[in-house]
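Good morning. Please look at the sequence and the structure as they come up, and I will go through a few residues.

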Amino acid sequence: MATIFTKIIRGEIPCFKIAENETHIAFLDINPIAEGHTLVVPKKEIDYVFDLPDDLLGETMVFAKKVAEAIDKSLKPLRTGVIVEGLEVPHAHIHMVPIYHERQNVSLRNKVEVSRGKMEEIAKQISAEVSL
Ligand code: AMP
């Protein structure tokens with residue numbers, strides 16, 4: 001059965017899209033841990049990130065770098081951090097987490113409330129700065 005991320009890639013489920021090319025997509029995490037929390041997902045459906053072939057893993061990191069640059073420009077966090085966990089969705093992905101202050105709790109269990117309107121606004125802000 002297709003993963004929820006494959007359904008997003010196919011356009012069967014909506015997302016707050018940030019960027020897409022032939023091999024990767026980035027969209028806002030629906031239960032963010034910070035405003036602008038974004039997922040970078042290779043379109044190829046492979047569960048464990050370290051099972052990605054080396055070339056695809058490299059491309060995923062380069063795509064993630066471009067998304068991080070766009071987050072940094074648009075939202076101006078101190079840095080954009082990266083988390084890889086993959087315990088919930090069996091489709092490799094990288095969490096891109098804007099870090100706005102040094103004491104921010106950067107944990108996937110530290111969800112924050114972000115309204116739908118704000119998610120739309122943030123997605124527009126970040127995607128306007130993406131240069132693939
Ligand atoms: P994990 O697999 O533990 O790295 O976490 C999966 C992440 O995917 C969680 O942070 C979820 O909030 C996120 N997620 C699950 N479904 C969706 C969806 N439909 N759109 C965006 N993010 C999602």
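I start with Phe50, which is exposed because its relative accessible area is 58%. Exposed means over 50%, buried means under 20%, and partly exposed lies in between, using a 1.4 Å probe and protein chains only. Tyr48 has 48%, so Tyr48 is partly exposed.

A word on the source: this is a predicted model, where local features need pLDDT of at least 70, side-chain atom pairs count only at pLDDT 80 or more, and totals for chains, interfaces and linings use all residues. Residues are numbered from 1 along each chain as its sequence is written, and side-chain values use heavy atoms, with hydrogens and water left out.

How many aromatic pairs does a search of the whole structure find? The search finds 2. Rings of Phe, Tyr and Trp (its six-membered ring) pair if their centres lie within 6.5 Å; planes under 30 degrees apart are stacked, over 60 edge-to-face, and the rest tilted. Phe5 and Phe27 pair edge-to-face, 5.5 Å centre to centre with 70° between the planes. Both of these residues, Phe5 and Phe27, are buried. Tyr48 and Phe50 also form an edge-to-face pair, at 5.8 Å centre to centre and 90° between the planes.

Now Thr60. Its relative accessibility is 1%, so Thr60 counts as buried. Leaving aside neighbours within four places in sequence, Thr60 is in contact (heavy atoms within 4.5 Å) with His24, Val40, Pro42, Leu52 and Ile94.
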